[in-house]
Every structure is written in C-alpha cells, then in structure tokens.
Amino acid sequence: MVTWQFILMILLSCLLLVFFLYRPIKITVHDDSNITVNPLFWSVIIVIFIAISSLLFYDYLKPTILLENSDDIQESVSLSDSIISLETHLKNNPEDSESWKMLGLAKFNLGEFSSSIESFEKAVVINPDDVEMLLQYASVLVAMQEGSFVGKTKSIIDKVLKIDPLSIHALYLSGVVAVNQSDIIAAKKFWQKALYLMPENDPDREIIEQAIKMISE
Amino acid sequence: MLIEVGHFALILALVFSFLSVTLPSIGLYQNRTALAQLIKPLVWGQFFWILVAVFILINAFLVNDFSVRYVAENSNTQLPTLYKVSALWAAHEGSLLLWVFILSLWSIAVSIFSKQMQSAFLNQILVVFGFISFGFLLFLLLTSNPFERLLIPPLEGRELNPLLQDFGLAVHPPMLYIGYVGLSVPFAFVIASLIRGQLDSAWLRWTRPWTLIAWAFLTMGIILGSWWAYYELGWGGWWFWDPVENASFMPWLVATALIHSISVSEKRDAFMQWTVLLAIGGFSLSLLGTFLVRSGVLTSVHAFTTDPSRGLFILLFLFVVIGGSLGLYSWRFNLIQKSSRFDLFSRETGLLINNVLLVTAMLSVLLGTLYPLILDTLDLGKISVGAPYFNAVFIPIMIPAVLLLALVPFMRWKKDNVARITSLLRVEWIVVLAFLFVARMTIIDNYYVLLAVGIFSWIVLHTSSLLIKRLRNKKRMSFSFLGMFLAHIGIGVFILGATITSQLGIEKDLKMNSGDSLLIAGYNFVFNGVSRHEKDNYRGFRGDLTVFKDNKEVVRLFPEKRYYQTGMPMTEAAIDPSLTRDLYVALGESLGGGAWSVRIYYKPMIRWVWLGGILIALGALLSVIDRRYKFKVDS
C-alpha cells in the first residue's frame, strides 16, 4: 500500500539527485571529463527508476510483512483477515509451527474453539518442546474447560515444567492445578517460586500474592 | 506506519546504492561529468536513508513496538534503556544493519576527506563502495529484514540474551565493525586503481591512513571483545580461539601485513603486487568472517543464525567479490609497477619476511578454523580444533616475526650488511642475554615465561634504543615514528601479559561453606556466604568473599549468580583488578547445606594483554596524524 509518506520519501530522493544533476558538484582537481549531459533526460530516467523500483521492491517484499499497519489500531487488519492470510500461508508452508500457533490463537479469539485446538495440536506435533506455545495451548484448553485444569491441560503443564523448570507462567499454572487437587502446600511452593523469579514491578505479582494469601487463609 | 517508513528507507538506500554503481560508471565511461559527480549525492542519500532506518529501529526498541519481529525477539519492557539501544546489534538482522550503516559512514568519510584526490579516481572508489553496499543491502532486505512484522504482536517481548546485557556489548561490536568494514577502504582503492589501470605508488599515500584507522578500530574491537569475554563469561579466559574470534583475528593479521607493505610500496616502490593482494585479502577475510558468523555454519556465542539461505547468499557474494577482484588483478597484472631491486639483507627483505610470517600465521588460523567445517561438510566426521593446535602452530610462526619486528627498523633500505647491524646492536643483545641469564638464575624457572621476558626486553630495548638514537641525532620526531614506537612496545607488553597470565595463573574450583578459606599466591580468600539479590530485570544470589594478604584486608568481592526472565542462569564474576594481578571470583551452583561451588582465579599481569592492545591501537592512530598523510594534492 502506497502512502503519502512513501511518496514524500521518493520525492525527496528524486529532488536531491535532480538538483545535483542540474548543478553538478564542483570538480575537484585533474578532471578532464567535459562532455555535458542532458539533465532533463537523465532527471526523468532517475525519477521513473527510483519510483518504480522502490515501490515494486516494496511490493515484492510484502509477503514477509505479515501485518501492514499495526501501529494504528484502527488500521489493523481484522482477525478474520489474519486467519485467511494464515491459512493461505499454511497451505504452502504446512510445517510452520509458529503460524499454526497464531492460527490457533486467532481462532480461539473468534470463538472457534475446536478448530483452534486442531491448529494447536498441529503446532505441537511439529514443535513439541516450544514452551510458550504449550502454555498458550494449555490456556486455551483451560478456557474451553471453563477453568478446569484436569486431563490434557495438566499433562501439558507438567511437560512444560519438565522442559523449563523456571518458567514463571508454568509455575503459576502448576499452582492452580495443585489448588484444584486441594494440594495447598504444593500450590504455595509453586507460586512462591514464581514470585521469586518474577521482576519486582511485574503487574502479575499482585495476582499471585493474592492467591497465596487466599489459600493461606 | 513508522516501521514501514524505516522499511521503505532501507529500500530507497538499496535503490541509491544501485544508482551509485550504474550512473557514475556511465559518467566515468562516457566522460560525462555531471553523471559521474552524482556519486557524492548518491552516497549522502544512501547514508541518510540508512540512518533513518537505524533511528526508526532504535525507536521501535525504545517504545517496545513488539509488532516488529526483531524487537519482540530481542527486547522486552523490563530491559534497561542502554540495552534497548544496543539490542539493535544483538542479533543477526540488526548486526547486518549496523554493517551497512558503518559501510555508508566509511564511504561518506572517504568522500569528505578526499577532496584533494583526482576526481575521477575518487568517483571510482565510491562506485566500489556502492557495489559492496548494494550486495549487503540486498542481502539484508531479502534474507534478514529487521523490519519484518508479526501478525499478532505479543504483549511482552523475549529476553535479550543475558550474556549480551552488558556495557561491553554496547561498544565491542560497533568498534569491531568499524575496523572490519574499514578494510573495505583499501580494497575500494585497490579495485578502483585496477579498473583505471593506474597502479603507481600515488594511490598508496591515500590508502595508508584509512588502513591505519581501520586497523586501530579492529584492534580495539578485538581487545574489547576479549575484555568482555573475560569478565562476562565467568571462565576467566581472555581468548578462546573461538572460530568467530578467529574470523576477526585473520583480517587483523593481514591488515598488519598490509600497513607495513603499503609503507614499503609507498617509500621504495616495492611489493606493489603483494600490497594489492593483501588489500584484496584483508577485505575478503572480512567477508569470509561475515559468512562464517552469518551462515550458521558455526555454533558459538556469536553465531546468530542457522538459516542456510543467508549463508548461500553471502557465499555467492563472497565468490563475486573475491573472484572478481582476483580476475581484475590478473587482468591488470602487467600494469602493476614492478618492484625496484633490493639486496637480500635490507629493510625491504626484513619487512617481506615479516609479511610472509604474518600471512602464514593467518593461514594456520584459517586452516584450524575451516578444517573442522570442511570435514563436517564432507561427512568425514566431526573434529574440534582448539587451543592446543593454535598454540602449537601459531606461536612458533610468530616468534621470529616479533624478533624481526625489533630489528627491521635498524636496517637500511635497499642494501645493508650483517656486520653493521651486529656492531650497531651488540650492546642491546648483550644486555638482553645478561638480563635473561640473571632472571633465570634468580626468579624465573618457567621457560615460556623466560622466553616472553626475553622477547619483551628485546622489543623494548631495541625500540627504545631507536628512539634514543633519533633524539641524539636530532632527527625529526614524526608522529609516524612515535606511532610505530608505541605499537611495537604494545606488542611486547601484550606478549609478556599473555604468557605470564597463561603460565603462572592459578585456578581453583572448590566447594565452600560460610567461613571456609583458601590461600592462593599469598592471598587468603574467605567465603562469608551467599545472600539473595535483585535488580532491574533479574534476581539471583550474591556471594561475599573477603580477601586478605599478610592478615590485612585487601578487598571484598561479590560474585553473582543471576536469573533473568528466561530463567537463564548467568555468572557475574567479581574482579579486583590491578596492573600486576587480578583476583577473580565466580559463583557456581548451590551444593546444598549452605555450600556453594566457587571458582577462584589468580591472574598475574592479565591487564597487560589489553594494555598492549590499547598501545597498538594508539600507535596506529598516532601514525594517522603524521603530516605525511595530510591529504595534499599529488602534483
């Protein structure tokens, strides 16, 4: 998408070169070149070349730009648009676990739960040790099970803790699992460890501190 | 939208670099001044757009714009501001951006400070810069785009590698890159001369100061990297013969040969072909280093990427640049000025032998670096070439080189004789031998240390003697001479520091409980225990040790074990530095029951390693300001 900023940048570039084409930099020393050029002809060539080549190249690179205008929320692409582009991308790149994960998240946000789970499962098959993805998958499962941490959710959280024993998110979730199983001591242990590892100004500290306070009472 | 402006700025820089190759070339070929002179605005424009891209990416780090993949992968909201800025070059894409930015800085500097140079020649040089820049910008945009966006931006970014959250990272890579990329200047000069077919000694006068500046920065970059590794990695080492360290050391060796070779070519019209080859070789090794680090063929602290498409691109670019340069060299071979004659015993011969030794040393490092990779590629097994190989091969090659380094300045150009040198320097030689004999009889029983002390006194005595002779003869004391004096002394200082610290250093790995103590080299280390510690974006443990000497407290040391958000443990060594020795303590793991594993090092004279490096770099910079290299017109 060509915006006024791009046009301004192209204009600036062209102006710089055209100016110096009409007013060449003073020759320093020992220069014997003296054949003049037709500045108008070369200016046209330069302007056309800069405009076309830069915009074409930008257009060519666009597939790597997954989101075009995300600085402005109003300009952001919609989730359904994202899903379409992700699905198209995954047709050609079925082994891209990151995209499967993003598709799972996007579908979950749209309320397409079973489809979201399918995407996550594909991502897990491709990349079974991605801690961040496993935690997101677990969170989606919990949300679908209305907050229940049983079955598959628990096994995923246990697996994450094995891969990364210092994962704050996994420690927090393990604490919740322990509370669900009425194991208050274990829950406290998990949460205290998570608190220890969390930065002092982490906004989530308060949640964990409240939770510890609650189970202590 | 700002990110897309940065992205588009990089594309415009690419377009400018393409135009800076094509338009001035047409101008130069057809003798059309206006077109040829466009090279300067093209260089400035390219610099401007790269600068815009750099600022926008830094801004993305500062405002935590995690919609940019590179920012999300290398920064988070908790990261201190300094590291948000230096995170720009913490990974592959940003490092490449820094590479092209520094290249554009060098080309701007050449265009500004070479106004007295023949215009057509300067334009040709800038065209070569444009070509290199085009290759790297294309590589950056096609395979390593730092402005790539994320479909769903995360709320929080990842942790910057804790190893890199250090002041050393903020300065080591830019310094190293200035040196690395700076070798493109002599390369561009040589290629422009080869294309124009003007290979007299005139262009050398223009090349030498640029090469010296690049060499000084490369030295500082390597030294800073070594210093950073010493205090940050917690192993107490200062050089590991890591392939990526070697990748920066090889161009340094060739650049060292180059600055000496240029000097001979400029003053005596000799070694012209050799100088041309060294200039091509220096930059080619720079590119090779970039390939080794960027292609993912190496696994190291420095190797940021494992994407084979990137490696393939650089390999192709490497092939075009090296192949093209050597092709041009062979095409113009007959035009390269032939060496004037010199005797077997002359300063020219001395410098030539030193040059050959430096290049041989470089080849030995190259072999050790590439051999495991070649074997692995050919499926002939995996081997690891480490310090024993490099120490066994590299050091014996360098010993005659450093001995010659002190002698060559005494030799006469063109023709000299052994008898004159012997009679001139016999006092120095006797003093060195007597000093070594006394040292062996009294304090030194380690032969490596004795050798290092011998080399140090050899260099210092000869170089000082040269200075005294100059003062006595009331010869002009040029900056060039003082630079040489400082750099050669720096080599001696480095050798002494490196040998003593590796031979006489003491290392102890032990389990310590609160109240335990250990006596090393007269220092008594008392372990007072460990406490919890937290700061900024990490938490961890802090050890407390008091060091006593002769029952007097010398220092208290607080080594740390840090855990960053990723959970990655980091060892932060505590060091008491001094010119004569470092006391170095690193905290290991908790062993239960209040016991901790602790590493204690006694490092004699380790600061001399970096002091030597600083002297070498200062020497190079001092030589640059010599009036011989004031940019005057060659009439």
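Predicted model: local features only at pLDDT ≥ 70, side-chain atom pairs only at ≥ 80, totals over all residues.
Let me begin with confidence in chain A, where the average pLDDT is 78 and 80% of the residues score at least 70. Among the elements of chain A, helix α1, residues 4–22, has the highest mean pLDDT, at 92, while helix α3 of chain A, residues 79–92, has the lowest, at 76. Over residues 63–77 of chain A the pLDDT stays under 50, and for that stretch the model has 25 contacts beyond four places in sequence.

Now to the cores. The largest nonpolar core holds 193 residues, and the members that touch the most others are B:Leu10, B:Ala13, B:Ala53, B:Val100, B:Ile125 and B:Val254. Helix α10 of chain B, residues 202–232, gives the most to this core, with 18 residues. Apart from it lies another core, of 34 residues, which includes A:Trp100 and A:Ile208.

What does B:Ala13 touch, if we leave out residues up to four places away in sequence? Its partners are B:Gln46, B:Trp49, B:Ile50, B:Ala53 and B:Leu137.

Finally, let us turn to helix α3 of chain B, residues 39–62, which packs against helix α6 of chain B, residues 92–113, at an angle of about 145°, with the axes 9 Å apart. The crossing of these two helices is left-handed. Among the residues that meet there are B:Ile50 and B:Ala53 from α3(B), and B:Val100 and B:Phe101 from α6(B). By class, this contact has 11 nonpolar, five polar and one charged residues.

Conventions:
Residues numbered from 1 in each chain as written. Chains lettered and ligands numbered in written order. Core = buried A, V, L, I, M, F, W, Y, C linked by C-beta atoms within 7 Å. Buried ≥ 20, exposed ≤ 12 C-beta atoms within 10 Å, placed from the backbone. Helix = DSSP H or I, 4+ residues; strand = E, 2+ residues; numbered from the N terminus. Contact = placed C-beta atoms within 7 Å. pLDDT = per-residue confidence, 0-100. Axes fitted to C-alpha atoms, helices over the stretch in contact; angles between N-to-C directions. Left-handed = near helix turned anticlockwise from the far one by under 90°. Nonpolar A, V, L, I, M, F, W, Y, C, P; charged D, E, K, R; others polar.
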